[in-house]
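Dear colleague,

Please find the structure below, handed over for your records. A short account of the findings follows it.

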Amino acid sequence: MPRARRRDLLGKRVLGYVNWHRGRKFVHRRDILDVLTNDLIEQAPDHIAITGDLVNLGLPKEFVAAAAWLHHLGPPDKVTAIPGNHDAYVRLHPDRGTGHWRDYMEANAAGEALVGTPSTGFPFVRRYGDVAIVALSTAIPTMPFIAAGRLGTAQRAHLRLALEELGRHRLFRVVLIHHPPLPGQAGWRRGLRDAKALKAVLQEHGAELVLHGHDHAASLHALDTVTGPAMIIGVPSASEAVAGRIPAARYNEYRIDKVAGGWRCDMIGRAVADAGTHVWECEHRVLFEP
Ligand SMILES: [Fe+2]
């Protein structure tokens, strides 16, 4: 968190700033993030997907710092990011905000060839071989104490087309969304406003993985869809220090293979250990096997 000037702290940011200095800074720590990030880079995955909340108060300097972190993770063709509610904390011109991450938040040529990106920028599609990423944005500025999100009708309509088209090409569809996508996963103040409508889209058109953040907790739900189960997975924050009931900073690795009769997909959870000095494999689960 950069030092904020008084004039930056108008409106909602004041509350967030107090919140940060009273508690969040002891929980979200740069040293923890670095331990996790270094482990992730060492594992050398083909691709890294980030489901948002890269900044806290939406100060312009935070967006620049987050862009440097993205560059540290890898080049834009190996890293996909979507924004979270904190990334739209206050209304900000894109040049001073998420525009710093633009290369990480846009389609690639193979994805664009299958599904065009609407002028609003979301959803955008990236294709890497048999895997397609559909990236959504639920980030909307809200009143203080509200951390809700919304996709809106236009984005949901594009999502329908995207899932249908990618399904027709028999691709493994990975949907990225910041807020937990199912109704009831988060309350009114923190939840996705159109979760019910999104659930219907997923059920009617299918997806293989739906990856989300926001809850700072590990979660897994299987949703029945027209093309089989969609696995809906939440992961703890990447910077959270271990403290009592707070889950440790973690990321999930997904190994996806096309095999005779369908897909094989394993999920490996890697979390910062209690001491905060290293990362261990905390979970290994088979999500799909034919
Ligand atoms: Fe969030």
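With which residue does R264 form a salt bridge? The partner is D266, and the closest N and O atoms are 2.7 Å apart. A salt bridge here is a side-chain nitrogen of Lys or Arg within 4 Å of a carboxyl oxygen of Asp or Glu. R264 is partly exposed at 28% relative accessibility, whereas D266 is buried at 9%. (Buried means under 20% relative accessible area, exposed over 50%, and partly exposed in between, with a 1.4 Å probe and protein chains only.)

Please note that this is a predicted model, in which local features need pLDDT of at least 70, side-chain atom pairs count only at pLDDT 80 or more, and totals for chains, interfaces and linings use all residues. Residues are numbered from 1 along each chain as its sequence is written, and side-chain values use heavy atoms, with hydrogens and water left out.

The whole structure holds 13 salt bridges. Among them, E204 pairs with R160, with 3.0 Å between the closest N and O atoms. E204 is partly exposed at 45% relative accessibility, and R160 is partly exposed at 31%.

The iron ion has as protein donors D53 (OD), N85 (OD1), H178 (NE2) and H214 (ND1), lying 2.1 to 2.2 Å from it. Donors are N, O and S atoms within 2.8 Å of the metal (3.2 Å for Na, K and Ca); water is not among the atoms, so sites may look incomplete. Of these residues, D53 is partly exposed at 23% relative accessible area, while H214 is buried at 7%.
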